[in-house]
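Work through the exercises below with the sequence and the 3D view side by side, trying each task before reading its solution.

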Amino acid sequence: MFDMGSWGIYINNGLTGFITISYTQQGIYLGYCVYSDYRRRGVGSAAAGRMLRYAREELGVGEIFLGCSERNAASIAMARVLGFKPYRYEGESYTFVNHKM
């Protein structure tokens with residue numbers, strides 16, 4: 001895995017999580033973590049949306065993957081809101097893909 005970029009997610013100068021873009025043998029992956037006090041407030045969706053635009057416009061990425069546990073309903077919902085489509089299910093994990101428009 002090669003990290004293409006990692007950024008903190010900040011609100012009012014306070015760190016609320018992080019987001020990454022990584023290159024793996026399977027493709028380009030979006031990763032994120034929003035700290036529990038800031039979940040369900042749109043923080044993850046806003047940060048991931050900005051990261052998708054950055055990956056497309058600045059890095060020239062056309063296809064981006066996102067993985068999450070089948071038990072993480074919030075991440076699954078966020079993936080769908082951001083336009084990700086189910087791609088693969090293995091064990092207890094989903095992989096979603098977002099194609100360039």
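**Exercise 1.** Decide whether Tyr94 is buried, partly exposed or exposed, and then classify its ring pair with Phe96.

*Solution.* The relative accessible area of Tyr94 is 28%, and the classes are buried under 20%, exposed over 50% and partly exposed in between (1.4 Å probe, protein chains only), so Tyr94 counts as partly exposed. The ring centres of Tyr94 and Phe96 lie 5.9 Å apart with their planes at 40°. Rings of Phe, Tyr and Trp (its six-membered ring) pair if their centres lie within 6.5 Å, planes under 30 degrees apart being stacked, over 60 edge-to-face and the rest tilted, so this pair is tilted. Phe96, at 0% relative accessibility, is buried.

This is a predicted model, in which local features need pLDDT of at least 70 and side-chain atom pairs count only at pLDDT 80 or more, while totals for chains, interfaces and linings use all residues. Residues are numbered from 1 along each chain as its sequence is written, and side-chain values use heavy atoms, with hydrogens and water left out.

**Exercise 2.** How many aromatic pairs does a search of the whole structure find, and how are the rings of Tyr89 and Tyr94 arranged?

*Solution.* The search of the whole structure gives five aromatic pairs. One of them joins Tyr89 and Tyr94, tilted, at 4.8 Å centre to centre and 50° between the planes. Tyr89 has a relative accessible area of 41%, so Tyr89 is partly exposed.

**Exercise 3.** Which residues form one aromatic cluster with Phe65?

*Solution.* The cluster consists of Tyr29, Phe65 and Tyr87.
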